[in-house]
Amino acid sequence: RDAWRHTFSGFVRYWFKPGVTSFTVNAGYTHNNAHGSNFDYDGYSAGARLETRIYGPVWASVEYSQDGRDYPNGFVSAFIPAPGRTEQDITTVSFRVLWVITGHWIADIHFRDTEYDANMPQFESEREQYGIGLTYKF
């Protein structure tokens, strides 16, 4: 979808132990102006992340975010009567463990759960993602 999306956001990070444990909170506002009024929305988001070294080169993080979207024109089609979808909430929780093998190689394992709640059941779902990875940094 072609659109102009304007996002304003900020965060604050506090280091409990410099270079070892940090806590971050963030907040933002998004205005999406799409070609086709069904996808115009104003959104607000907030989240928090805790990251810490577990032992030696092993790190872990946990993250939570909440995103609320208001669709002023709703989402209407031949199968979805007016007013259609007028709001949607997206909640995400994720966990990640990183192992810094060397200065260039990093292995990780992660889990992410995202729930989509809306004022209409056609727009509700849940998505779980699992993964492992190996990264080389230049």
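A salt bridge joins the side chains of R96 and D108, with N and O 3.7 Å apart. R96 belongs to strand β5 (residues 87–100) and D108 to strand β6 (residues 105–118), so this pair ties together parts that lie 12 residues apart in sequence. Please keep in mind as you explore that the model is predicted.

How buried or exposed are the two partners? R96 is partly exposed, at 34% relative accessible area. D108, with a relative accessible area of 14%, is buried, because buried means under 20%.

How many salt bridges does the structure hold? There are 4. As a bit of background, side chains of opposite charge can pair when their charged atoms come close.

## A buried pair

Another salt bridge to look for links D67 with R69. Here the closest N and O atoms are 3.4 Å apart. Both residues, D67 and R69, are buried.

Next, find R49 and E51, whose side chains meet in a salt bridge at 3.2 Å from N to O. R49 has a relative accessibility of 27% and counts as partly exposed. E51 is partly exposed too, with a relative accessible area of 23%.

Which residues are linked in a network of salt bridges? They are R49, E51 and E63. With R49 and E51 already located, you can look for E63 to complete the picture of this network.

Technical notes
Residues are numbered from 1 along each chain as its sequence is written. This is a predicted model: local features need pLDDT of at least 70, side-chain atom pairs count only at pLDDT 80 or more; totals for chains, interfaces and linings use all residues. Side-chain values use heavy atoms; hydrogens and water are left out. Buried means under 20% relative accessible area, exposed over 50%, partly exposed in between (1.4 Å probe, protein chains only). Helices (H or I, at least four residues) and strands (E, at least two) are DSSP runs, numbered from the N terminus.
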